[in-house]
Every structure is written in C-alpha cells, then in structure tokens.
Amino acid sequence: MLEPKSGILQIVHDALKAEHQPNPLVEQFGHLIKSEFEPFSRSASGCDNLKAYIGLQQIKQRLQEIANFPEINSKNVIAVGGGFSAGKSSFINSLLAPQDGTALQLATGTRPVTMVPSFLVHSTGPAQICGINYKNARFDIAPSAYEELKHDSQSSALNVGSAIKYCTVKVQFKPDLLEHCCLIDVPGYNPGTNPSAPEQSIGADDDDRIVGDDVDLSFLDDEETEASELPDIDLTEPEGRSSDYNIARRAIDKADCLIWLFSLEHGPLPGNDIEFLKKLGMGRAGAKALYVVGNKADVRPSSDVIECLSETSNSLAQAGIAYEGICAYSSREGKVKFRAKRQEDVLAFIKRHNRAKDVAHQLQKELQAIFSIYHTKIAQDVDFSVKVLSKLEGIERQGYLEGLFRASRRTIMQEMFDELKDDLRWLKKAPEQLKTVREVRAKFSAALADFCASLALASQARPEVKFCVGCGAQLKVDVAICPRCYALQDCSGRRCPRCGTVSGLDAAFCPECGFKFQAK
C-alpha cells in the first residue's frame with residue numbers, strides 16, 4: 001500500500017485516521033444526565049423536562065468543544081470575513097509580530113486561498129497547527145502542509161472541507177493586540193454558491209449599487225498620515241457538496257464580533273456583501289458588533305478611497321446594517337489610512353475586544369437557567385402546599401370543636417375529609433422535591449467546576465457584589481431575595497412580601513393578593 005503523499009494528501013489522511021478521545025470529566029457530566037437527571041425528571045411532573053434535557057445535552061456538547069481546544073473557547077472570538085480576494089489573510093498577516101523569514105504566514109494570493117475556518121490564537125512559542133475532523137478528533141498539521149489548504153485543483157477534487165471541520169493555529173501577534181482573544185480566518189464566500197443571493201459580480205459597476213442618502217463621513221487626512229495622528233472621523237449543502245457560502249456563514253456564527261473586509265481595488269462594498277451581512281442579521285437588534293474595513297487602501301488614490309468609503313457607508317445605512325466603525329486599511333503597510341469622524345479605527349476595535357471569557361461563570365449561569373425551570377414550579381408548589389395543608393388542619397380542628405368530627409367514631413363528614421386529604425397528598429412531596437432539585441443541581445455544578453479546574457478555566461475573581469436577576473439592582477453576594485423587587489436570586493420567581501406567594505419573575509402583581517411589584 002502506497003504511503004500518503006506530503007501536503008494536502010497527508011492532511012486528508014490524518015483527518016480521516018484521527019479518532020475522538022473522550023474527556024473523562026465530560027463523560028462524567030453525561031453520566032449525571034442519565035443517572036441523576038432522568039430519574040429526577042420522571043418525578044417532576046408539570047415541568048418542561050424536554051427543554052431541560054436538551055439544555056443539559058447542549059452543555060455537554062459545549063464541554064467537549066472546550067476540551068478539544070480550551071485555548072479557543074476561553075477567549076473572545078473575532079471573525080475576519082469577506083468575499084474572495086478581499087485580502088483577509090493579508091490583513092491577518094499584518095497583525096502578526098515581525099519575525100524572521102521562518103515565521104508562519106497565512107497563504108495569500110489573487111485566487112481564493114482559505115478552504116476551512118482557521119482559529120488563530122496568540123502564542124510566544126513556535127507556530128503549532130492542529131485540525132479537528134467531523135468526529136471531533138484532534139490531529140497535528142505540519143506548517144508546510146497547512147500552506148496547501150487552498151482552492152487549487154488538487155484540494156478541490158479531494159473536498160478537504162468535508163474532512164476537516166476547522167483548524168487552530170498558534171502564532172505570535174503584535175504586542176497588546178490579541179493576547180486574550182482569537183481570530184477566525186473565515187473562508188471567502190463565492191456568491192454563486194448561494195442560490196438566494198443576487199447575481200452581481202464582486203467588481204460590479206456603481207450604477208448597480210444601492211446608495212442611500214449622504215451620511216456624514218468626512219475623511220480629512222492623506223495616506224501618509226500615521227494612524228495615531230488620525231482625527232476623530234452544516235458545512236455541507238443538501239447534495240453533500242461543500243459550499244463556500246455555508247462554510248463562511250457557519251464560521252461567523254461562532255464569533256462574538258465580526259470584521260468585514262472588502263477590496264478597495266474593486267471599488268465600494270459589493271452588493272453581494274451587503275446581502276450576506278443582512279442574512280447574518282446585522283440589521284437586527286442584538287446582532288454581533290460589526291466593523292467594516294476597506295482593504296488594499298494603498299492601490300488607489302486617496303480621493304478614490306474616500307469616495308469608496310463614503311459610498312459604502314451610504315449603502316450600509318440604506319440597507320439598515322448597523323456597524324461600529326469603518327476605515328481604510330493597507331495590509332501591505334500594516335496601518336490604517338483613513339477613518340470616519342467619531343469612530344475608532346479597526347486596531348482600536350480589536351483591542352477593545354481583546355479580553356478573555358469567564359467560561360466557568362458562563363457555564364454555571366447556563367446550568368442555573370436550566371434548573372430555574374424546576375425551582376420556579378416547585379417553589380410555587382411548596383407555597384401552595386403550605387397554604388392548603390394549613391387550611392385543612394384548621395378545618396379539622398374546627399370540625400372537632402363543633403362535633404362534626406369524632407375521635408371515637410368517624411362521621412360521614414370526617415370520611416369525606418380524609419378522602420380529600422388523600423387526594424392532596426402530593427402536596428406533601430413539594431418540599432422534598434425542592435430539596436432534591438437543589439441536590440441534583442449541586443452535583444452538576446460540582447462536575448462543571450471540576451471540568452473547568454482541570455483546564456485552568458476556573459472562574460475569575462468576582463466582586464463582592466452581584467446584580468438582581470429581576471431589576472438589576474446591586475446586591476451583596478449572600479442576598480437571596482431582592483429588597484426592591486422581591487426577586488429570588490436563584491431565578492425561581494418573585495416572593496410577595498405581603499402573602500408569601502411565589503410568582504414568575506415577569507409578574508407585575510401577586511396572583512394571590514394583588515400586591516404590585518416594583519417595576520424593573
């Protein structure tokens with residue numbers, strides 16, 4: 001049998017050969033789902049057990065992703081996207097620390113060169129490259145072989161994107177730029193692979209472009225001005241064929257924010273890019289932070305660059321796409337050429353997002369949200385049971401006082417009352433269920449803490465205060481109920497200060513006595 005060739009064939013061989021290595025602490029979390037949660041959920045009637053089960057399975061999947069690459073999943077993720085030939089790889093190369101000629105550089109060129117998403121993280125050591133296949137197995141990639149991950153005839157025939165989910169690359173970035181976050185080098189999308197995209201080439205004429213009303217976008221400095229002196233201005237298609245469009249979209253979905261590049265060599269932002277950004281939801285509330293960069297600003301006169309950026313700004317405004325900044329950048333020179341008034345440049349945007357995630361706290365918060373389903377329902381049952389059983393005891397005492405109940409011989413009224421108590425016997429289980437849900441949650445919480453500690457992802461030191469889950473007021477960490485809006489801090493609802501009834505966090509009035517809660 002012939003040995004695999006070097007380069008792209010070796011990558012495909014290693015990707016298909018690699019087998020997933022389960023993490024024992026992830027397996028322990030999965031075991032808790034089966035041994036603790038499933039028996040508990042069978043006894044927790046009236047709750048959305050399916051929603052909770054899916055939530056726990058999603059946390060397990062998240063733990064496996066973190067175990068595969070903790071250096072990625074503990075960082076803020078910035079996607080660098082754009083169409084083919086936008087200069088994404090050149091842009092990322094300009095952010096790398098200057099070294100000798102042996103340092104790893106991302107492949108660049110006039111042809112599409114990125115085949116699979118690559119996550120780049122800062123490291124002071126030599127470059128290290130790993131891949132993840134679709135079995136979530138990790139394997140090493142030689143730097144020389146990594147350079148061949150491009151859209152040439154050989155690699156396209158092999159359909160490498162179907163064998164490799166993504167790569168991680170450890171490189172050294174410039175100081176104080178990307179130490180605590182990572183970049184995704186997103187494959188350039190080909191508008192032709194998206195059946196719903198309008199047919200418009202990347203080099204479309206200006207007449208084909210939608211331009212809105214003029215936006216105040218004054219660019220005053222020439223291209224020789226230093227950036228510091230600038231003024232304030234499923235990765236496969238249904239047929240099973242890899243799609244550049246889908247790969248780019250899925251990769252961007254993983255990011256916390258997005259830098260979108262277009263080539264000033266071809267003019268303003270293409271209409272296809274605007275359609276793509278709209279499909280990503282950039283015009284909707286709660287969308288990712290977006291920064292737009294006109295790359296290759298050194299290939300055109302300053303007046304043309306300014307005009308292209310102004311038209312781009314108008315087009316984005318017309319399309320309803322919100323963005324945090326726009327600037328012109330030269331990847332060859334590694335500096336910003338122009339930026340809009342009152343907007344930060346792209347390097348400042350990156351530095352602002354250069355922060356690590358508190359993964360441990362985030363996972364615990366997701367777990368708390370899942371078990372709040374049970375806290376709310378069972379806490380309400382506890383309050384209801386206390387009231388009903390108290391009233392039953394009062395009725396029974398009054399029955400003995402008035403002679404309706406007798407200790408020597410049970411009357412018909414007493415037998416009917418006993419039957420009623422038997423029908424309501426489930427109420428006595430509510431306090432026990434509340435105790436059980438806290439015990440089950442504590443076991444999952446301990447499993448998450450052990451997992452994060454094993455990967456040095458322990459929760460960062462947090463202040464001695466917290467914020468109310470109901471109204472956002474600042475509270476001490478040991479406060480269980482907010483004195484302002486009466487929200488229970490375990491997310492189980494609001495407790496009425498007048499009658500003690502627990503209602504939902506969104507309730508404006510107590511359903512029992514009508515007490516009006518403080519507005520959020």
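Me: In strand 4, what is the bridge partner of Ile132?

Reply: It's Arg138. Before we go on, this is a predicted model, where local features need pLDDT of at least 70 and side-chain atom pairs count only at pLDDT 80 or more, while totals for chains, interfaces and linings use all residues. Residues are numbered from 1 along each chain as its sequence is written, and side-chain values use heavy atoms, with hydrogens and water left out.

Me: What makes strand 3 and strand 4 a pair?

Reply: Two strands pair if DSSP finds at least two bridges between them. Strand 3 and strand 4 (residues 138-140) have 3 bridges, in the antiparallel sense, so they pass that cut-off. The two strands form a hairpin with 4 residues between them, and Asn136 in the turn has a positive phi of about 60°.

Me: What about strand 3 and strand 5: how many bridges do they have?

Reply: There are 6 bridges between strand 3 and strand 5 (residues 164-171), again antiparallel. One example has Cys130 with Thr168 of strand 5 as its bridge partner.

Me: How do you know what counts as a strand or a helix here, and how many of each are there?

Reply: Both are DSSP runs, numbered from the N terminus: helices are H or I with at least four residues, strands are E with at least two. The protein comes to 14 helices and 15 strands.

Me: Which strands sit at the edges of the sheet of 10 strands?

Reply: That open sheet runs in the order 4-3-5-2-6-1-7-8-9-10, with mixed pairing. Strand 4 and strand 10 (335-339) are its edge strands, since each pairs on one side only. From one strand to the next, the twist averages 25°.

Me: And what makes strand 13 and strand 15 edge strands?

Reply: They belong to an open sheet of 3 strands, ordered 13-14-15 with antiparallel pairing. Strand 13 (487-488) and strand 15 (502-503) each have a single partner strand, so one side of each has no neighbour in the sheet. Strand 14 (residues 493-495) and strand 15 are joined antiparallel by 2 bridges, and Arg494 has Ser503 in strand 15 as its bridge partner.

Me: Why is Asp358 called buried?

Reply: Buried means under 20% relative accessible area, exposed means over 50%, and partly exposed is in between (1.4 Å probe, protein chains only). Asp358 has 15%, so the label is buried. Asp358 is in the loop between helix 11 (346-352) and helix 12 (359-401), and its side chain reaches the backbone nitrogen of His361 at 3.3 Å.

Me: Is Ala285 buried or exposed, and why?

Reply: Ala285 has 81% relative accessibility, so it counts as exposed. You'll find Ala285 in the loop between helix 9 and strand 8. Ala285 and Ala322 are 37 residues apart in sequence, yet 9.1 Å apart in space, C-alpha to C-alpha.

Me: Which residues of helix 9 are buried?

Reply: In helix 9 (residues 271-279), these are Gly271, Asn272, Asp273, Ile274, Phe276 and Leu277. Gly281, which follows helix 9, has a positive phi, near 85°.

Me: Why would you say strand 9 is largely enclosed?

Reply: In strand 9 (residues 325-330), 6 of the 6 residues are buried, so the rest of the structure largely encloses it. Gly325, Cys327 and Tyr329 point one way, Ile326, Ala328 and Ser330 the other, and all are buried. Strand 9 runs parallel to strand 8, joined by 4 bridges, and Tyr291 stands opposite Gly325. Strand 3 (residues 128-133) is mostly covered too, with 5 of its 6 residues buried.

Me: How much of the whole protein is buried?

Reply: Buried residues make up 46% of the 520 residues.

Me: What makes something a nonpolar core, and which residues touch the most other members of the largest one?

Reply: A nonpolar core is a set of buried Ala, Val, Leu, Ile, Met, Phe, Trp, Tyr and Cys residues joined through side-chain atoms within 4.5 Å. The largest has 43 residues, and Phe91, Leu95, Ile164, Phe173, Leu178, Ile259 and Val346 touch the most other members. Apart from it lies another core of 38 residues, including Val121, Leu258, Phe262 and Ile321.

Me: Which residues does Leu178 touch?

Reply: Leaving out residues up to four places away in sequence, Leu178 touches Ile78, Leu95, His122, Phe173, Leu183, Ile350 and Asn354. Contact here means heavy atoms within 4.5 Å.

Terms used. A polar contact is a pair of N or O atoms within 3.5 Å; within protein, one must be able to donate a hydrogen and the other to accept it, and residues adjacent in sequence count only if both atoms are side-chain atoms. Axes are lines fitted to C-alpha atoms, for helices over the stretch in contact, and angles run from 0 to 180 degrees between N-to-C directions.
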